[in-house]
Amino acid sequence: MLAIIPAKSFSKRLPNKNIKKLAGKPLIFHTIKSALKCKSITRVIVSTDSKRIAKIAIQSGAEVPFLRNKNLTRDKTTSWEVLKDVLQKLSLIEKKRYESLIYLQPTSPLRSEKDIETAIKIFKRKKANAVISLYETKPNYWFKNLKKNGAIIEKAINKKNNYLLNGAIYVFKYNFLKNTSPNKYDKKTYGYIMPVERSIDIDTLHDFKIAEMMFKKK
């Protein structure tokens, strides 16, 4: 199983986010460390456009066999494009093809190696096309819409459990990734439910401070 960790240099809301120090280490270090601890993962590659991030990634134990093209660092660039770029380059440069892969964003530093291993086990057991991590959130009727005048629009009560993607783990079959549109899933996609306390996805300074507090509790 190939692990791919994305880490572009530019971040709008939190500058230098991927290498900002968390618990004394660059943010990306924590994801690399968790990936390297997983027995199911055979290789850890970081996709970055930054030589500085590449150096930190290599020092942390990951590989950076090539730098990402700048045109794949735009806001609208999808994870699908980043993953395909890495896989295509590995095929061209190293003549290597991977049947499956796992995408681990550095913005989920509280995700553990156990979370990763469990998601991979589900992927293999279900013979899935994809496995994605989620966490349980508020029931449907907590969410409201507003009219233009500010009046609340009520929704029908739905007592089913609701889940949100937490951005921590995405396991893919390569053929599924190659033949589907970004963020489109099928009936062979399964969820791995993570606890809320490990589901922080760092996007802002506020998120980062919450992650720091959670690390101290760990």
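Helices (H or I, at least four residues) and strands (E, at least two) are DSSP runs, numbered from the N terminus. The views show a predicted model, in which local features need pLDDT of at least 70, side-chain atom pairs count only at pLDDT 80 or more, and totals for chains, interfaces and linings use all residues. Residues are numbered from 1 along each chain as its sequence is written, and side-chain values use heavy atoms, with hydrogens and water left out.

**View A. Helix H4 and the residue that follows.** Helix H4 covers residues 113-125, 13 residues in number. From first to last C-alpha the helix reaches 18 Å, close to the 18 Å expected at 1.5 Å a residue (the expected span is 1.5 Å times one less than the number of residues). Asp115, Ile116, Glu117, Ala119, Ile120, Ile122 and Phe123 of H4 are buried (buried: under 20% relative accessible area; exposed: over 50%; partly exposed: in between; 1.4 Å probe, protein chains only). These buried residues pack against helix H1 (27-37) and against S5, S6, S9 and S10 (contact: heavy atoms within 4.5 Å). Just after H4, Lys127 adopts a positive phi of about 50°.

**View B. Helix H3 across the strands.** Helix H3 (residues 79-94) comprises 16 residues and reaches 22 Å between its first and last C-alpha, close to the 22 Å expected. Among its buried residues are Trp80, Leu83, Val86, Leu87 and Leu90. The cover over the buried residues of H3 includes strands S1 (2-6), S4 (43-47), S5 (100-103) and S9 (162-173), together with helix H5 (174-179). H3 lies across S1, S4, S5 and S9 and runs at about 115° to S4 (axes are lines fitted to C-alpha atoms, for helices over the stretch in contact; angles run from 0 to 180 degrees between N-to-C directions). Lys95, which follows H3, has a positive phi near 60°.

**View C. The six-stranded sheet.** Six strands form an open sheet of mixed pairing in the order S4-S1-S5-S9-S6-S10 (two strands pair if DSSP finds at least two bridges between them). S4 and S10 stand at the edges with a single partner strand each, so one side of each has no neighbour in the sheet. On average, neighbouring strands are turned by 30° against each other, direction ignored. S5 and S9 run antiparallel, joined by four bridges; here Ser100 stands opposite Lys173 in S9. S6 and S9 are also antiparallel, with seven bridges, and Val131 stands opposite Val171 in S9. S6 (residues 130-137) runs parallel to S10 through five bridges, with Leu134 opposite Ile193 in S10.

View D. The structure holds five aromatic pairs (rings of Phe, Tyr and Trp, the last by its six-membered ring, pair if their centres lie within 6.5 Å; planes under 30 degrees apart count as stacked, over 60 as edge-to-face and the rest as tilted). The ring centres of Trp80 and Tyr185 are 5.9 Å apart and their planes stand at 65°, so this pair is edge-to-face. The pair links distant parts of the chain, 105 residues apart: Trp80 belongs to H3, and Tyr185 to the loop between H5 and strand S10 (189-193). Trp80 is buried, with a relative accessible area of 1%, whereas Tyr185 is partly exposed at 29%. Ring pairs link Trp80, Tyr103, Tyr170, Phe172, Phe176 and Tyr185 into a cluster.

**View E. Lysine charges over rings.** The charged end of Lys25 sits over the ring of Phe29, 5.2 Å from its centre (criterion: NZ of Lys or CZ of Arg within 6 Å of the ring centre and within 35 degrees of the ring normal). Lys138 lies over the face of Trp142, at 4.4 Å from the ring centre.
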